[in-house]
Amino acid sequence: MASRREFLAASAVLGAASIGLLSTARVLASSKEDRDRLSPVDVINMMKDGNERFRRGLRVNRDFLREQRERAAGQFPAAVILSCIDSRAPAELIMDLGIGDVFNARVAGNVANPDILGSLEFACHVAGAKVVLVLGHSSCGAIAGAIDGVELGQLTGLLSRIRPAVAETSYEGARRSSDAVFVERVARTNVERTIGVIRKESLILRELERKEAIAIAGAMYDLKTATVSFLPPYER
Ligand SMILES: [Zn+2]
């Protein structure tokens with residue numbers, strides 16, 4: 001049975017969720033105007049609240065068919081998420097998001113290449129998304145592969161984009177893929193490096209960020225605790 005403290009904590013989350021979602025009909029934004037009124041930090045806070053609901057088992061009871069019908073005529077997503085292909089880290093589910101809420105680019109190790117950068121530019125400059133979120137995760141196989149120097153077909157080139165993060169990660173313990181803490185540290189460095197690549201290679205996104213029209217944020221998802229932790233300056 002839930003303790004009184006747990007009950008109160010759950011009530012507080014439900015209260016926050018209903019306040020945050022009251023005017024948006026269970027989606028981040030129910031119209032383009034709704035979305036355009038949100039600041040990048042508003043959108044980040046909504047994603048944080050969504051992860052809080054997910055990890056407490058308090059997901060919004062969605063009618064996906066209704067969301068599908070309402071969004072069929074057009075989309076106005078509030079963010080674009082660049083995340084890993086890992087089957088255990090589906091961005092929309094772990095942040096309790098609905099159909100049409102976010103764009104999601106997925107590639108092993110959440111790295112940026114010209115096609116990914118073009119997708120992020122489309123999401124923000126053309127479609128009006130307010131946040132680019134680079135989302136890494138613990139126990140990432142791509143990160144482990146980069147640490148181990150795996151060479152395999154086209155994967156070799158992909159892992160070469162991650163490998164600098166291995167060298168840039170300072171760590172006192174064993175610098176091996178069998179060390180989960182080292183893998184997690186490299187994954188975090190890799191998120192920071194990907195943000196650096198986005199700012200360096202995309203003039204469009206750099207300018208949107210400078211004008212504060214968008215935020216480019218990083219976060220790590222912990223597979224064991226179900227927690228999405230935003231990196232500075234967007235940590236709680
Ligand atoms: Zn991964």
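**The core and a helix pair**

The chain's secondary structure consists of ten helices and five strands. The model is predicted. Of the 236 residues in the chain, 39% count as buried. Among contacts with a separation of 6 or more, 73% are between residues 24 or more positions apart.

The largest nonpolar core contains 59 residues. Within this core, the residues with the most contacts are Ala 79, Val 80, Val 131, Val 132, Leu 133 and Ile 143. Helix α9, which covers residues 180–201, gives the most to the core, namely six residues.

What is Ala 79 in contact with, leaving aside its neighbours within four places in sequence? Its partners are Val 43, Met 47, Val 102, Ala 129, Lys 130, Val 131 and Leu 133. Val 131 and Leu 133 are also on the list of core residues with the most contacts.

The remaining topic is how helix α9 packs against another helix. Two packed helices are described by the distance between their axes and by the angle between those axes. For helix α8 (residues 155–168) and α9, the axes come within 8 Å and cross at roughly 120°. The crossing of the two helices is right-handed.

On the α8 side, the contact is made by Ile 162, Pro 164, Ala 165, Val 166 and Glu 168. They meet Val 186, Thr 189, Asn 190 and Arg 193 in α9. Sorted by class, the contact of α8 with α9 has five nonpolar, two polar and two charged residues.

Definitions and conventions:
Residues are numbered from 1 along each chain as its sequence is written. This is a predicted model: local features need pLDDT of at least 70, side-chain atom pairs count only at pLDDT 80 or more; totals for chains, interfaces and linings use all residues. A nonpolar core is a set of buried Ala, Val, Leu, Ile, Met, Phe, Trp, Tyr and Cys residues joined through C-beta atoms within 7 Å. A residue is buried if 20 or more other C-beta atoms lie within 10 Å of its own, exposed if 12 or fewer, and partly exposed in between; C-beta atoms are placed from the backbone. Helices (H or I, at least four residues) and strands (E, at least two) are DSSP runs, numbered from the N terminus. Two residues are in contact if their C-beta atoms, placed from the backbone, lie within 7 Å. Axes are lines fitted to C-alpha atoms, for helices over the stretch in contact, and angles run from 0 to 180 degrees between N-to-C directions. A crossing is left-handed if the near helix is turned anticlockwise from the far one by less than a right angle, and right-handed if clockwise. Ala, Val, Leu, Ile, Met, Phe, Trp, Tyr, Cys and Pro count as nonpolar, Asp, Glu, Lys and Arg as charged, and the others, Gly among them, as polar.
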